[in-house]
Amino acid sequence: MTIFKLMKILGIETSCDETGVAIFDMDTNIIISEQLYSQASKHAEYGGVVPELASRDHLKKLIPLIDLAIEKSGQDLKAIDAIAYTAGPGLRGPLLIGASTAKAISMSLKIPCIGIHHMEAHLLINLLENPAPSFPFLTLLISGGHCLLINAKALGDYEILGQTLDDAVGEAFDKVAKILNLGYPGGPLIESLAKEGNPESFNFPRPMTNKKNFDFSFSGLKTAVYYEFKKIKQIDDSKKADLAASFQAAVADTLLIKTKEAMEATNLEELVIGGGVASNKHIRSKLIEGLEDKKIFFPPINRCTDNGAMIAYASSFYIKNAKENLDLDIKPRWPLSEIANG
Ligand code: KG4
Ligand code: ZN
């Protein structure tokens, strides 16, 4: 009988503009070391992520971050038993930097290497918390690239109930921040400005909430903010705060309405939230208030946005199947419902 070894896994995240590295110890069920470097300030002047700049910066930062994560864990590289990297979805160049670094380390140490689905990692990181959700549960993934409502039936078995038809929810935050000249990334800037504003000053649409499906659309909402912004003769900080608060309220209401309908339709009792936008406190409290009879799980704030811990942890569910292989198998487009074919 082969006894499966509880491993120390090094996780690498490079799908967009965060270089994340972490070590998960399966034996103690703890992330023993974690490093994160955000490139956001480098992309701020362009108002969004520039893929080529992102690739170059990952290349520069990844190895030093791995060294630091290993050093802070009090171990050396030889203590690592396996390596996991984000295989997709994400930006091709940045994904290739993470994948090739992971493969190189795996080859030199002769340890298994595994590619992980970024959105599944956003979902699974909730299972590291106490209390943890248990399958089946509804999942709302709200990030810069996605807005997904999923029936998570079992590990790797994800039925997509609805998704955005245009802008992702985080993308809408970023674009509205650009309209208001706030900077990048827009989510945290809008959230903080919204605290000074009146959420009822502008009556923005709650898109798709009259449709009998679970899809979203945030592009029209962003355009509605643009037109109101253009109408204002003298724009000042208080007007911007009102726009930010009213936009954020429209997003929160929309997410709540759709999620509530999906919970009712599926009869699920637990809701798991993930992705960068899940760090928004207004959206969190709106969902908690509106679904008070359900069990709701959020990751800690620092594990909502991209990080290496979620990759290291997610891989622990799949690592038994990992092999040493040299394929640079990244998938910039990879629907979560097709994970079993990955
Ligand atoms: O999950 P994430 O780090 O990367 C992707 O997988 O896309 O999400 C990044 C997105 C960005 O669009 C950012 O503006 C948004 O999450 N975000 C927020 C907040 N913090 C980050 N949106 C709203 N409120 C926040 N506090
Ligand atoms: Zn993400």
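I began at Pro89, which I found in the loop between β4 (82–88) and α3 (92–109). The model is predicted, so I kept that in mind throughout. What kind of peptide bond joins Gly88 and Pro89? It is a cis bond, with omega about -15°.

**Entry: another cis bond**

I then went to Pro136, in the loop between α4 and β6 (137–142). The peptide bond from Phe135 to Pro136 is cis, and I noted omega near -5°.

**Entry: ligand 1**

Next I turned to ligand 1 and listed its surroundings. There are 22 residues around ligand 1, and those that come nearest are Gly144, Asp174, Glu191, Gly276 and Asp306.

Which side chains make polar contacts here? For Asp174, I found a side-chain N or O atom 2.7 Å from an oxygen atom of ligand 1. For Glu191, a polar side-chain atom sits 2.7 Å from a nitrogen atom of the ligand. Ser279 also has a polar side-chain atom facing a ligand nitrogen, at 3.2 Å.

How much of the accessible area of ligand 1 does the protein cover? I noted 90% of the 550 Å² that ligand 1 has on its own. I also checked which elements give two or more residues to the shell, and these are α4 (118–124), α5 (169–179) and α6 (186–194). By domain, at least three shell residues come from domain 1 (8–124 + 305–341), and at least three from domain 2 (135–298).

**Entry: the zinc ion**

I looked up ligand 2, the zinc ion. Which residues coordinate the zinc ion? My list reads His118 through NE2, His122 through NE2 and Asp306 through OD, at 2.0 to 2.1 Å. Written as a sequence pattern, the donor spacing is H-x3-H-x183-D. His118 in helix α4 and Asp306 in the loop between β10 (295–297) and α10 (308–315) are 188 residues apart, a pair that links distant parts of the chain.

**Entry: two positive phi values**

I also looked up backbone angles. Met208, in the loop between α6 and α7 (219–231), has phi near 70°, a positive value in a residue other than glycine. Met208 is buried, because its relative accessibility is 15%.

Asn267 lies in the loop between α8 and β9 (270–274), and its phi is near 65°, again positive in a residue other than glycine. Asn267 is exposed, because its relative accessibility is 65% and the cut-off for exposed is over 50%.

Ala244 is in helix α8 (residues 237–266), and with 0% relative accessible area it is buried. From Ala244 to Ser279 I noted 35 residues in sequence and 16 Å in space, C-alpha to C-alpha. This is the Ser279 with the polar contact to ligand 1.

Ile288 belongs to helix α9 (residues 281–290) and is partly exposed, at 45% relative accessible area. Ile288 and Leu256 are 32 residues apart in sequence, with 9.2 Å between their C-alpha atoms.

Definitions and conventions:
Residues numbered from 1 in each chain as written. Chains lettered and ligands numbered in written order. Predicted model: local features only at pLDDT ≥ 70, side-chain atom pairs only at ≥ 80, totals over all residues. Heavy atoms only, no water. Near = heavy atom within 4 Å. Polar contact = N/O pair within 3.5 Å; in protein donor to acceptor, adjacent residues only side chain to side chain. Areas by Shrake-Rupley, 256 points an atom, 1.4 Å probe, with all protein chains shown as cover. Helix = DSSP H or I, 4+ residues; strand = E, 2+ residues; numbered from the N terminus. Domains from an automatic or database assignment. Donors = N, O, S within 2.8 Å, 3.2 Å for Na, K, Ca; no water. Buried < 20%, exposed > 50% of the residue type's maximum accessible area, 1.4 Å probe, protein only.
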